[in-house]
Amino acid sequence: MAESWVIMVTAQTPTNIAVIKYWGKRDEKLILPVNDSISVTLDPVHLCTTTTVAVSPSFAQDRMWLNGKEISLSGGRYQNCLREIRARACDVEDKERGIKISKKDWEKLHVHIASYNNFPTAAGLASSAAGFACLVFALAKLMNAKEDNSELSAIARQGSGSACRSLFGGFVKWKMGKVEDGSDSLAVQVVDEKHWDDLVIIIAVVSSRQKETSSTTGMRETVETSLLLQHRAKEIVPKRIIQMEEAIKNRDFASFAHLTCADSNQFHAVCLDTCPPIFYMNDTSHRIISCVEKWNRSVGTPQVAYTFDAGPNAVLIAHNRKAAAQLLQKLLFYFPPNSDTELNSYVLGDKSILKDAGIEDLKDVEALPPPPEIKDAPRYKGDVSYFICTRPGRGPVLLSDESQALLSPETGLPK
């Protein structure tokens, strides 16, 4: 074995947003949930994690860099993922370079990991979900593990619960499972991203600051103190999961919107029912809900669904492009950018929706008429940091283009 070689793999994994929420674990160590959940995978072009993993006999220890900064891998969640994938490693051979790694070699070889999120970490946009899914997917490819994505999702789950849902595109169900070792708590695809491709998703990033109560702490306190959570997990969610799968398969937007909004509101009610209460939404979040509710009611059929994770950011799902363009007009009316902000950095992602909305510059935003469904509609300048326009997207992929790797092929260190 030549001692200076480096073998690398680079993968890209999407983030996901739950429409039926996961909140509460029945097993903290294995990250087993108290209920099933369903999510939509977001287009990785706009929101994703890119991870490069490398192996070399010259590496002295496992190391990781997140968004350019070295971080410790000593935490249990990283260790779980590394241990589980190493246990499934197979022989790897690079004939061209004359490199052979046997199954047994993996026990003593170290890896370098570099990961980059193209969106704020820990801002309530499920960066840990994309991160752990990407880590597990990339390591599995590097180590030639034979598991399929559903089996890999049960490993990613041990890094971050919602990570298991980022191993597929489209709509994904995380089955809570029944067995104690967690082997049946994994993700399955409900439908792929092409099934309901009319949907448009607009995210209002209200704050990209880290949240006051982390999801892990919040969940633990809810499980310990909220009676509402027990009722939710036992009585409410099982029925909603069946109804949500039906709505998605039938592309029934009215049912989908009703279930999505109701489940988001119940999740936040459960947070309020926790002792001490947890407040993830803020005034801006509430104003966005009010804007959507009033519009949906004035039209008579739902145009948009809203959902909020453990943070104030709104994820708004419009049933088609026309509704998305109207939604963007309303959002920009209520929440125009600060005078020193350029439109280009205020609406990110798929900018063609701006064009559909007839908005080319800030003058157009200033000239927007107030939405007819709200009398004397006020404007809240600067209350939203920025918007991201996206859509349902595909699952993880390998990137074969060396230039997209985050580690140097010579040294295995960050570029």
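This is a predicted model: local features need pLDDT of at least 70, side-chain atom pairs count only at pLDDT 80 or more; totals for chains, interfaces and linings use all residues.
User: Why is Asn-67 called partly exposed?
Analyst: Buried means under 20% relative accessible area, exposed means over 50%, and partly exposed lies in between (1.4 Å probe, protein chains only). Asn-67 has 34% relative accessibility, so it counts as partly exposed. Asn-67 sits in the loop between E7 and E8, and its phi is near 50°, a positive value in a residue other than glycine.

User: What makes Arg-251 partly exposed?
Analyst: Its relative accessibility is 46%, and therefore Arg-251 counts as partly exposed. Arg-251 belongs to the loop between helix H5 (227-249) and H6. Phi of Arg-251 is near 50°, a positive value in a residue other than glycine.

User: How do you know that the length of H1 agrees with its residue count?
Analyst: Helices (H or I, at least four residues) and strands (E, at least two) are DSSP runs, numbered from the N terminus. The expected span of a helix is 1.5 Å times one less than its number of residues. For the 12 residues of helix H1 (residues 76-87) that gives 16 Å, and the end C-alpha atoms are 16 Å apart, so the two agree.

User: Which residues of H1 are buried, and what covers them?
Analyst: Tyr-78, Asn-80, Cys-81, Leu-82, Glu-84 and Ile-85 are buried in H1. Their cover includes strand E7 (63-66), strand E8 (69-71), strand E11 (110-117), helix H2 (127-142) and helix H3 (149-156), where contact means heavy atoms within 4.5 Å.

User: Why is H2 described as largely enclosed?
Analyst: Of its 16 residues, 14 are buried, so H2 is largely enclosed by the rest of the structure. Its 16 residues should span 22 Å, and the end C-alpha atoms are 22 Å apart, which agrees. Just after H2, Asn-144 takes a positive phi of about 60°.

User: What makes E2 and E13 edge strands?
Analyst: Two strands pair if DSSP finds at least two bridges between them. The open sheet has four strands in the order E2-E5-E12-E13, with antiparallel pairing. Strand E2 (16-20) and strand E13 (187-191) each have a single partner strand, so one side of each is left without a neighbour in the sheet.

User: How do you know that E12 and E13 pair?
Analyst: Four bridges join strand E12 (residues 171-174) to E13, and the two run antiparallel. Phe-171 stands opposite Val-191 in E13.

User: What area do domain 1 and domain 2 bury between them?
Analyst: Domain bounds come from an automatic or database domain assignment, which gives domain 1 (7-193 + 399-404) and domain 2 (200-390). Buried area is the accessible area (1.4 Å probe) that two parts lose on being put together, summed over both. Here the domains bury about 3200 Å², 71% of it on carbon and sulfur atoms. In domain 1, Ile-20, Lys-21 and Trp-23 lose the most area to domain 2, together 26% of what that side buries.

Notes:
Residues are numbered from 1 along each chain as its sequence is written. Side-chain values use heavy atoms; hydrogens and water are left out.
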